[in-house]
Amino acid sequence: DGILRSFEASQQRLGVLKPDILYVHDIGSYTHGEKHQHYWEQLTAGGGFRALGKLREEGSTGAIGLGVNEWEIVNEAMDVFDID
């Protein structure tokens, strides 16, 4: 639900109904320290990546990417989600 609410808020703020790409920003242990696992589970088991995939599949966005400071989290994300 959080991903979908954020997407709708971004549409309104930007005035763009179908953004070319959606980015998940600032995930990883460097950014979140001890809370990393909590946020990671929201994306994986909690349905965050699933919601992003749905937006891409229905054509609401063209691509899903990551905006992060750690290459390790990109590798982890690629193991569980098809990042563009």
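The following exercises, with worked solutions, concern a predicted model.

**Exercise 1.** Determine how the span of helix H1 relates to the value expected at 1.5 Å a residue.

*Solution.* Helix H1 runs over residues 2-14 and thus comprises 13 residues. From its first C-alpha to its last, H1 reaches 18 Å. The expected value is also 18 Å, and the computed span is close to it. Just after H1, Gly15 adopts a positive phi of about 70°.

**Exercise 2.** Identify which residues of H1 are buried and explain why they lie on the same side of the helix.

*Solution.* Begin with the buried positions, where relative accessible area is under 20%: in H1, these include Phe7, Ser10 and Gln11. Around the axis they cover an arc of only 100°, which places them on the same side of H1. In general, an α-helix has 3.6 residues a turn, so residues three or four places apart point the same way. Next, consider the other side of H1, where Arg5, Gln12 and Arg13 are exposed. Finally, locate the packing partners: the buried residues of H1 pack against strand E1 (21-25) and helix H4 (48-57).

**Exercise 3.** State which elements supply the largest nonpolar core, and describe the contacts of Leu22.

*Solution.* The largest nonpolar core has 14 residues, and Leu22, Trp40 and Phe49 are among those with the most contacts inside it. At least two core residues come from each of E1, helix H3 (36-43), H4, strand E2 (63-67) and helix H5 (71-80). H4 gives the most, with three residues. Leaving aside residues up to four places away in sequence, Leu22 touches Phe7, Leu52, Leu55, Thr61, Ala63, Ile64 and Gly65.

Conventions
Residues are numbered from 1 along each chain as its sequence is written. This is a predicted model: local features need pLDDT of at least 70, side-chain atom pairs count only at pLDDT 80 or more; totals for chains, interfaces and linings use all residues. Side-chain values use heavy atoms; hydrogens and water are left out. Helices (H or I, at least four residues) and strands (E, at least two) are DSSP runs, numbered from the N terminus. The expected span of a helix is 1.5 Å times one less than its number of residues. Buried means under 20% relative accessible area, exposed over 50%, partly exposed in between (1.4 Å probe, protein chains only). The arc is that of the directions from the helix axis to the C-beta atoms. Contact means heavy atoms within 4.5 Å. A nonpolar core is a set of buried Ala, Val, Leu, Ile, Met, Phe, Trp, Tyr and Cys residues joined through side-chain atoms within 4.5 Å.
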